[in-house]
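Come along and check each entry against the picture.

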Amino acid sequence: DYRVKYQTAVNLPVYREQLNQLNRDLEVLLDMLPSDDETARLLDDITLVGTRSGLEFDRIEWLQAQPREFYTALPIRIDLQGQYHQIGDFVGQISGLHRIINVKDFTLQSGDFGEALSLNITAETYRQKTLRAEQ
């Protein structure tokens with residue numbers, strides 16, 4: 001019992017540094033999650049990316065928040081129209097946004113000959129509920 005406690009005591013500075021590093025890493029990840037006042041800006045960013053890609057939005061709205069154990073999922077419903085490469089550009093650009101956005105479900109439908117494609121997406125972003133580790 002003494003040896004186990006001795007090893008823990010001897011390695012305490014190393015454990016504290018590891019905890020500090022984990023907290024720094026956690027802060028970086030938590031910064032990627034939008035706060036309540038940033039969710040509207042996230043919708044603006046998604047809309048801007050879509051319009052720059054040449055897409056037309058039919059709908060973009062928040063769905064019911066879904067509480068989970070350590071975070072809250074914030075689903076977003078996006079309906080838009082555009083050409084194949086415009087849609088690909090849009091999906092690629094939203095994956096590069098500063099906030100985490102996960103495209104969960106999507107439906108891509110073609111219109112009549114030569115018409116735009118319709119894309120229906122259910123995407124999610126997340127708001128954290130975790131507490132930082134104490135030292």
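I start with the cut-offs: a residue is buried under 20% relative accessible area, exposed over 50%, and partly exposed in between. I also note that this is a predicted model.

**Entry: the rings in H1.** I looked for aromatic pairs and found 2 in the structure. In one of them, the ring centres of Tyr2 and Tyr6 are 6.2 Å apart and the planes meet at 25°, so I logged the pair as stacked. Both residues sit in helix H1 (residues 2-10), 4 residues apart, or about one turn of the helix. Tyr2 has a relative accessible area of 65%, so I call Tyr2 exposed. Tyr6 comes out at 45%, so Tyr6 is partly exposed.

**Entry: the edge-to-face pair.** Next I checked Phe57 and Phe90, whose rings are edge-to-face, with 6.1 Å from centre to centre and 80° between the planes. Phe57 belongs to strand S1 (residues 56-62) and Phe90 to helix H4, so this pair ties together parts 33 residues apart in sequence. I asked myself: is Phe90 buried or exposed? Phe90 has a relative accessible area of 0%, so I wrote down buried. Phe57, at 23%, is partly exposed.

**Entry: the nonpolar patch.** S4 has the largest share, with 3 residues. I then picked out Phe106, which is in strand S4. Its relative accessible area is 57%, so Phe106 goes down as exposed.

Notes: Residues numbered from 1 in each chain as written. Predicted model: local features only at pLDDT ≥ 70, side-chain atom pairs only at ≥ 80, totals over all residues. Heavy atoms only, no water. Helix = DSSP H or I, 4+ residues; strand = E, 2+ residues; numbered from the N terminus. Buried < 20%, exposed > 50% of the residue type's maximum accessible area, 1.4 Å probe, protein only. Phe/Tyr/Trp six-rings, centres within 6.5 Å; stacked < 30°, edge-to-face > 60°.
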